[in-house]
Amino acid sequence: MKLTDLALYINALLASCKDPKNFYGENLVNTLRNGVNSAHRETTFVNPSVYLTLCLNNATTHDDTRKLHELFLSRNAAIGRIDIQALTMLTITCIYRNKNLFSESAYDGLRRKFLQKMNTGGLPGNVYEASLLVQALQELESTLPGLPEFILKQQKEDGSFGSILATYLALPVLAGRSLLQMNEHCGQRFSTDLAPIEVLKNTKRRRMYVQYSLNYDYPLEVTETINMRVAEGTKFLDVMRLAQEINPKFRFMLDGNREVPVVYSIGGIPNDAEKGKYWTLYLAPSGRVKGEAGRLAAYSGNIKQLIPHAGDEFVFWMKSL
């Protein structure tokens with residue numbers, strides 16, 4: 001397998017939060033490392049994207065930095081292409097941040113040369129070069145006027161940028177990110193300040209029953225209901241946190257930065273402004289007929305201050321305004 005192909009496979013594993021160092025027992029990073037070492041011995045050209053993959057897997061050597069330095073200063077017209085230079089700068093930045101194999105003065109010198117070259121070379125003529133250039137410039141906290149707009153003009157009606165490769169390179173730009181962050185999302189737990197389930201269970205206070213439901217669409221199409229016994233005085237947010245520990249369908253996202261906090265996603269289904277559908281909390285009176293929205297009272301207060309009483313029923317309903 002070509003080194004560039006193997007590097008892309010490793011990147012795919014990284015992006016999907018899999019371990020390329022243990023792919024069915026095989027260490028693909030070691031395989032790539034050995035292939036690059038052989039290329040060094042044979043003085044074969046190694047694409048900077050391969051060095052980038054090695055950096056993302058903490059497998060960079062001093063020989064890599066020397067080769068990258070040579071690529072960056074090469075007078076070869078092919079190696080001087082915008083996309084190759086942008087990839088080289090991205091990789092140098094990765095190594096400088098993660099391994100510190102470049103001194104600060106050496107890195108600053110390369111950074112200045114790159115910015116000077118890009119500022120005097122004009123805008124790229126295709127989305128491939130433009131996307132890689134924007135990624136490199138973003139990591140250097142710089143930009144070129146008109147470059148993001150040029151990329152957006154290449155987007156097709158179906159949302160793509162004309163090919164899988166172009167879309168793969170352009171999408172990070174739209175998110176203000178780069179290939180350096182392809183696996184930063186792995187291991188993140190989007191916390192809602194989970195209340196430990198033991199804390200809610202092990203209490204000496206008198207317990208009461210609370211019913212908590214999720215409704216979808218109107219007329220009602222799907223509903224999920226959970227009944228819980230909780231201690232008197234338990235806040236409704238803690239009831240929600242207990243519910244999501246019991247059933248992942250109740251896992252929610254809370255925007256707590258507002259004056260009145262807002263639950264904007266439940267069960268992986270977020271508010272949808274384009275369709276006008278939002279999660280709204282209702283308090284249901286006793287004797288209510290299931291699916292009957294007319295007798296529900298929307299709650300407009302601060303959800304952090306809401307405390308249930310025995311027999312209360314709470315409904316989060318995803319429906320049109």
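A residue is called buried under 20% relative accessible area, exposed over 50%, and partly exposed in between. Keep that in mind for Leu8. This is a predicted model.

Leu8 has 46% relative accessibility, so Leu8 counts as partly exposed. Leu8 sits in helix H1, which covers residues 3–15.

The largest pocket holds about 420 Å³ of space. Its lining is made by 19 residues, and those nearest the centre are Ser49, Leu87, Leu165, Tyr168 and Leu169. Two or more lining residues come from each of H1, H3, H5, helix H7 (127–139) and helix H9 (164–174).

Last, the cysteines. How many disulfides does the structure hold? There is 1. The partners are Cys55 and Cys94, with their sulfur atoms 2.1 Å apart. As a reminder, a disulfide is a covalent bond between the sulfur atoms of two cysteines. The angle about the S-S bond of Cys55 and Cys94 is -100°, and the link is left-handed. Cys55 belongs to helix H3 (residues 48–56) and Cys94 to helix H5 (residues 82–98), so the pair ties together parts that are 39 residues apart in sequence. Are these two cysteines buried or exposed? Both Cys55 and Cys94 are buried. Their two helices, H3 and H5, are also among the elements that give two or more residues to the lining of the largest pocket.

How values were computed: Residues are numbered from 1 along each chain as its sequence is written. This is a predicted model: local features need pLDDT of at least 70, side-chain atom pairs count only at pLDDT 80 or more; totals for chains, interfaces and linings use all residues. Side-chain values use heavy atoms; hydrogens and water are left out. Helices (H or I, at least four residues) and strands (E, at least two) are DSSP runs, numbered from the N terminus. Buried means under 20% relative accessible area, exposed over 50%, partly exposed in between (1.4 Å probe, protein chains only). A disulfide is a pair of cysteine sulfur atoms within 2.5 Å. On a 1 Å grid over the protein atoms alone, a cavity is a set of points where a 1.4 Å probe fits but cannot get out, and a pocket is an open set with protein on both sides within 12 Å along at least five of seven lines; lining residues have an atom within 4 Å of a point. Grid points are joined across faces, edges and corners, and a volume is the space filled by probe spheres set on the points.
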